[in-house]
Amino acid sequence: MVPMDSNLNRGRSEAGSRFRAMERAAAKVPGALFLVALSYVDGSDRPSGFDVAVQRGEVVEAASFSNSRVDNPPLSGSALRRSAPLELDPSTVSACLDLGSDVDRLFAGAWHLRTKVLSPSERNRLAGTTGHIAESVTEVMLNDLGWHLLWHFEGPGRHGVDLVMLSPGDLVIAIEVKGTLVPGRILRLSRRELDQMSAGWVDKADNGGMAELEMKSEDVFGAVVVVNFADLTWRVSVTSDFITLVPVSGLEALMDMSWLRDKSEG
């Protein structure tokens, strides 16, 4: 058992399609020769590539496949811009605030008066709180649509997905939530050593929710939620392969997510 590029594993790329075809060819013939050799370029437990051979009659077909994380392009944020702006009920936001907390009171003031009244230090102080409140709001809204919580981020520290939920249609979905108080703004996924919500990022050892549930990117689907408190909207995009984000067009699409499984199998 070794970490494997999700494109290759799921046949979601040209190389992956060929790899799966070689697997199927071997499976059709009992006793067929099927060999996989692993190659490594560093001290990690992730192979850098696979050398594969399968016997087809008297012919042995061989191919080499890269297992590098950089093969996966970063998720495009355009799907978030194309997602429908769903209405956010102010009472849902208010219910997620603890007005006994100084920072939540600061958020409430900024929410009603807009961020122009905040000093730079106050904006920095609110950054994490805005995200945390967005996570709570997202959890409540999805729960109202029939989703069930499996795990949520409690802190301290931040190294992975914010929520893992079971959607209508019985899909386990790892969710990254972003929140903003800036009117018209749609936050982007970060691009660092590992692009946020890529398969490699989801599979990080310090991704708390995934580690606690003992799941990897190939076991789940993904979603990115952006909550804009100024505009009172939230947008959702989803992915079946952690390569392509698909915009969600309305609440109906979130009330039965089996279409996303159909899309991944189509």
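Analyst: Arg-105 and Asp-102 both lie in helix H5, which covers residues 102–113, and they stand three residues apart, about one turn of the helix. Helices (H or I, at least four residues) and strands (E, at least two) are runs assigned by DSSP and numbered from the N terminus. The model is a predicted one, in which local features need pLDDT of at least 70 and side-chain atom pairs count only at pLDDT 80 or more, whereas totals for chains, interfaces and linings use all residues. Residues are numbered from 1 along each chain as its sequence is written, and side-chain values use heavy atoms, leaving out hydrogens and water.

Arg-105 and Asp-102 form a salt bridge, with their closest N and O atoms 2.2 Å apart. A salt bridge is a side-chain nitrogen of Lys or Arg within 4 Å of a carboxyl oxygen of Asp or Glu. Arg-105 counts as partly exposed because its relative accessibility is 41%, and Asp-102 is likewise partly exposed, at 47%. In these terms, buried means under 20% relative accessible area, exposed means over 50%, and partly exposed lies in between (1.4 Å probe, protein chains only).

By the salt-bridge rule, the count comes to five. Another of them joins Glu-23 to Arg-20, with the closest N and O atoms 3.6 Å apart. Glu-23 and Arg-20 are three residues apart in helix H2, so about one helical turn separates them. Glu-23 is partly exposed at 31% relative accessibility, and Arg-20 is partly exposed at 30%. A further salt bridge links Asp-206 with Lys-204, where the closest N and O atoms are 3.8 Å apart. Asp-206, at 39% relative accessibility, counts as partly exposed, as does Lys-204, at 22%.

Arg-81, Arg-82, Arg-188 and Arg-191 gather in a patch of positive charge on the surface, and Arg-81 belongs to helix H3, residues 78–82. Patches are made of residues with over 30% relative accessible area and no salt bridge, like charges being joined within 9 Å and nonpolar side chains (Val, Leu, Ile, Met, Phe, Trp, Tyr) within 5 Å.

Strand E6 (residues 163–167) pairs with E7 in the antiparallel sense over five bridges; two strands pair if DSSP finds at least two bridges between them. E6 and E7 form a hairpin with three residues between them, and Gly-169 in the turn has a positive phi of about 100°. E7 also pairs with strand E8 (residues 221–228), in the parallel sense and over eight bridges, with Ala-174 opposite Gly-222 in E8.

The chain as a whole contains ten helices and ten strands, and 45% of its 266 residues count as buried. Its C-alpha atoms fill a box of roughly 75 × 40 × 30 Å, taken along the principal axes. Ala-32, in the loop between helix H2 (14–28) and strand E1 (34–39), gives a sense of that extent: its C-alpha atom is separated by 54 Å from that of Val-137, 105 residues away along the chain.

How values were computed:
Accessible areas come from the Shrake-Rupley method with a 1.4 Å probe; for residues, only the protein chains shown count as cover. Lys and Arg count as positive and Asp and Glu as negative; His and the chain ends are not counted. The place of a charge is taken as NZ of Lys, CZ of Arg, CG of Asp or CD of Glu.
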